[in-house]
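Good morning, everyone. Please take a look at the structure on the screen. I'll walk through it in a few minutes.

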Amino acid sequence: MLDVGCGVATTAIQIARRYGHRGGHLTADAGARRGQYPGRGVADLVTVTSADILALPFDDAAFDVVIAEAVTMFTDRPKAAAELARVTRPGGRVLATEFYWRTPPTPEARDVFLGQVCPGMQFDTVEDWIRIYSAAGLAGLETETGPFEMMTPRGFLADEGPARCLAIMSRVAGRPAYTRKMAWLMPRMAKAVPYLGYIVIAGTKPA
Ligand SMILES: C[S@@+](CC[C@H](N)C(=O)[O-])C[C@H]1O[C@@H](n2cnc3c(N)ncnc32)[C@H](O)[C@@H]1O
């Protein structure tokens, strides 16, 4: 399995914990350094490699399953989707999570989110994403959508649980640079969140 743009490898570690060696995990991230994520009891299952989603250093058809969570929208989307499909074996699966506008944003919300919070990011509608992954050569595309709640107090609590929320908040409160960043980010996120949604899109590379 390949998890492209793995961040701190949360998903790969989760899958390794749940499925053990059956997962055969390998992750690639533009920001990663090899060996950056040791420990947690899964170091032998998760390998981190520095790579660009637009030119993955893997052979065609190298993986059964390829995922990219919130990554392609930071890059050339059609090219990134084609790379995900290229490294997937025929009959294998690609799954990506992306953002989309659930309702048309106000010009201010669009500008704040795409111009300030995530400069350079691009996305639009669910139909756009289906078109992009379909053009990448994936078939049987399925989608699931929902509101983007990860960065709302309710979503944060649901994702992290009360104990981790408290731990994260006290870490932020203890570091002025983090506090300043959150004070900058949260009001801007609040402007965009009412219009934002997530889409999970999954498809099969035809055999
Ligand atoms: C929003 S984070 C998502 C991280 C992780 N997938 C998750 O869901 O927690 C976006 C990730 O994409 C990575 N990224 C951005 N551009 C990339 C590129 N061209 N190639 C590979 N990874 C990239 C960033 O380093 C970052 O880790």
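**The ligand and its surroundings**

Let's start with the ligand: 14 residues surround it, and the closest are Gly 5, Asp 29, Asp 52, Ile 53 and Glu 69. To count as near, a residue needs a heavy atom within 4 Å of the molecule.

A word on the source. This is a predicted model, where local features need pLDDT of at least 70, side-chain atom pairs count only at pLDDT 80 or more, and totals for chains, interfaces and linings use all residues. Residues are numbered from 1 along each chain as its sequence is written, and side-chain values use heavy atoms, with hydrogens and water left out.

Back to the ligand. Which kinds of residue form the shell around the ligand? They divide into 7 nonpolar, 4 polar and 3 charged. Here Ala, Val, Leu, Ile, Met, Phe, Trp, Tyr, Cys and Pro count as nonpolar, Asp, Glu, Lys and Arg as charged, and the others, Gly among them, as polar.

Now the atom pairs. A backbone N or O atom of Ile 53 is 2.9 Å from a nitrogen atom of the ligand. Glu 69 also places a backbone N or O atom 2.9 Å from a ligand nitrogen. For Gly 7, a polar backbone atom is 3.5 Å from an oxygen atom of the ligand. Polar contacts here are pairs of N or O atoms within 3.5 Å. Taken alone, the ligand exposes 600 Å², and the protein buries 68% of that. Those areas come from the Shrake-Rupley method with a 1.4 Å probe.

Next, the core. The largest nonpolar core has 43 residues. Such a core is a set of buried Ala, Val, Leu, Ile, Met, Phe, Trp, Tyr and Cys residues joined through side-chain atoms within 4.5 Å. Buried means under 20% relative accessible area, exposed over 50%, and partly exposed in between, with a 1.4 Å probe and protein chains only. Among the residues with the most contacts inside this core are Leu 2, Phe 113 and Trp 129. Its largest share, 5 residues, comes from β5. Strands are DSSP runs of E, at least two residues; helices are runs of H or I, at least four, and both are numbered from the N terminus.

A second, separate core has 8 residues, including Ala 12 and Leu 45.

Last stop: Ala 177, in helix α6. Is Ala 177 buried or partly exposed? Ala 177 is partly exposed, because its relative accessible area is 47%.

Methods:
Polar contact = N/O pair within 3.5 Å; in protein donor to acceptor, adjacent residues only side chain to side chain.
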